[in-house]
Each structure stands twice: as structure tokens, then as C-alpha cells.
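Please look over the sequence and the structure shown below before you read on. The notes that follow are grouped by topic, so that you can find each place in the chain as you go.

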Amino acid sequence: SEKKAAEGEKVLKVGTNADFAPFEFQGADPSAYEGFDMDLIRAIGEEMGYKVEINNVAFDGLIPSLEAGNIDVIISGMTINDERKQKVLFSDPYYKSGLSIMVAKSDDSIKGFQDLKGKKIAVQIGTTSATEAKKLGSAEVKELNSSADTFIELNAKGVDAVINDRPVNDRYIVESKNDNVKVLSELLTSEDYGMAINKNNAELQTKINEALKKLKDNGKYDQIYAKWFGN
Ligand code: ARG
């Protein structure tokens, strides 16, 4: 579990939506947040000399939380895009991702994005998946609170498809041992994840970028990457 900060110790208040394995999730001990993002931000905090405090926040509440000053930085598999850049500062990119489609294994009617027209799709609210799904125009898009909820909805046949970040879809297939669903090979987008920092804290942005660079140079980033994604 999280240790209390010693007196005078600098605390980095981190916001994440911890339902997005392998980037952030609650394991056996729910207070010990796990995942690639969690290891990365702890290593960054250590590098900067800050104690890291993780706050679990709804994904669509993360940027408002940052703007309100309740957290210092977001790390949450968050894609760097222009819309968000209006509101936050992003760190340098730290992970290359993209979106993929999950459907029932028995469904032969959906082979790619265009086949989703007129279908029901579950996405997590406030995500790039939601933006992408709405581009179809004719699809019925169900915006749910977590990515776990989108998988539940697909299994319950409440929707025909889930759009989600590819590594999260892939991880679900492996971890859930759910044999009734498949991920299509088509990648809908190419996206970079970045950490988000309050607009008026360019100093923290610089510190985080310096720490990230250090971890990339000294092999620590590669170690963390290998732990979660192999080689
Ligand atoms: N990469 C997508 C986005 O930025 C989804 C991120 C969702 N993250 C999460 N922890 N639920 O919109």
C-alpha cells in the first residue's frame, strides 16, 4: 500500500483511471496500483526526488481534476491530441498505441471499422475510442464509465463491438481467458501516450521530461517496458 510521505518530503499527486490493464489496474492488493504507467511514474518520482501518491479518478474526471489542482500529473494511457492540448501540457510521448475492435468470436459480419455502421458499440466515456466510434455516424455508441464495463457489455450482448486501445484489448483476451471474443487485426489509429500536467506548471513538465529521458538513457524504461510487454 501507499506509504505516507515523511515530513518535508515532496509529494507528486498522480491521477489515473486504474481499470486499464496493463497500464493501470488494481491487483490482489487494491491500494497497490499496478501496471506499466504505475511503474513508470514511480520511477519518474524517484528520479525527481518526489514521493508518488496515486489517486484513482474516473477517466473523464482526470483533466478537470488537474485543472482544479487536485492532482499534479495524469498518467492514464492518455493519448496526446490537439483537443486536450488546449487544456493541459503533455510530456514527451512515452508509449505508442492505437485503437482496435473487439467482437464476438461467432460474429462474421464485422471484419473492419466500416462494418460497424448501424451496429452497437461500447466505448469508455471521454476517450479517443468514443471520438472514433462517433465518426461512423450511423452506429449506436454506448459510452460507459470504464473499459471493464465495455467488456461486460459485449459479453452480455448489449453491444456488437468494443473499441478500445489495442494493448488493453489484447491483454483482456489473454487474462480473462474469455474464449467467446476476438480482436480484429485492423488498427484504427496510431496514438502516442503522454503524461498531462497543469497548463501553468511548465516547470513540472520540464522535470518530468528530464526524468523520462534519464530513464530511457539508463535502461530503466526498457526494464519496465519488458516487464509488461516482453522484450
Ligand atoms: N488512450 C485513450 C485516450 O486517451 C484511452 C485511455 C483510457 N485510459 C484509462 N486509464 N481508462 O482517450
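Predicted model: local features only at pLDDT ≥ 70, side-chain atom pairs only at ≥ 80, totals over all residues.

Which residue in S13 does Ala 104 stand opposite? The residue facing Ala 104 is Val 181, in S13.

**Domains**

- The protein chain is divided into domain 1, which takes in 11-95 + 193-229, and domain 2, which covers 99-183.
- Between the C-alpha centres of domain 1 and domain 2 there is a distance of 25 Å.
- Where the two domains meet, 16 residues of domain 1 are in contact with 14 residues of domain 2.

**Nonpolar cores**

- The largest nonpolar core is made of 44 residues, and the residues with the most contacts inside it are Leu 12, Phe 36, Leu 40, Ile 41, Ile 44, Tyr 94 and Met 195.
- At least two residues of this core come from each of several elements, including strand S1 (11-16), helix H1 (36-48), strand S5 (51-56) and helix H7 (202-217).
- Helix H1 supplies the largest share of this core, namely seven residues.
- Because domain 1 and domain 2 both give residues to this core, it lies between them.
- Another core, of 16 residues, lies apart from the largest one, and among its members are Ile 110, Val 123, Ala 130 and Ala 161.
- If residues up to four places away in sequence are not counted, Ile 41 touches Leu 12, Val 14, Val 52, Ile 54, Val 73, Ile 75 and Met 195.

**Strand S9 and its partners**

- Strand S9, which spans residues 99-104, is mostly covered, since five of its six residues are buried.
- S9 is joined to S12 by five bridges, and these two strands run antiparallel; within this pairing, Ile 101 has Ile 163 of S12 as its bridge partner.
- S9 also pairs with strand S13 (residues 181-183), again in the antiparallel sense, over three bridges.

**The three-stranded sheet**

- An open sheet is formed by three strands in the order S2-S3-S4, and the pairing is antiparallel.
- Strand S2 (19-20) and strand S4 (33-34) are the edge strands, each of which pairs on one side only.
- Strand S3, at residues 24-26, is joined to S4 by two bridges, and the bridge partner of Phe 25 in S4 is Glu 34.

**Asp 165**

- Asp 165 belongs to strand S12, which runs over residues 161-165.
- Although Asp 165 is buried, this residue has no salt bridge, and the nearest side chain of opposite charge, that of Arg 84, is 7.9 Å away.
- Leaving aside neighbours within four places in sequence, Asp 165 is in contact with Phe 20, Gly 77, Ser 97, Gly 98, Leu 99, Ser 129 and Tyr 193.

**Gly 61**

- Gly 61 is placed in the loop between S5 and helix H2 (62-67).
- Gly 61 and Gly 126 are 65 residues apart along the chain, and their C-alpha atoms are separated by 8.9 Å.

Notes. Residues numbered from 1 in each chain as written. Heavy atoms only, no water. Core = buried A, V, L, I, M, F, W, Y, C linked by side-chain atoms within 4.5 Å. Buried < 20%, exposed > 50% of the residue type's maximum accessible area, 1.4 Å probe, protein only. Helix = DSSP H or I, 4+ residues; strand = E, 2+ residues; numbered from the N terminus. Domains from an automatic or database assignment. Contact = heavy atoms within 4.5 Å. Lys, Arg positive; Asp, Glu negative; His and termini not counted. Salt bridge = Lys/Arg side-chain N within 4 Å of Asp/Glu carboxyl O. Pairing = 2+ DSSP bridges.
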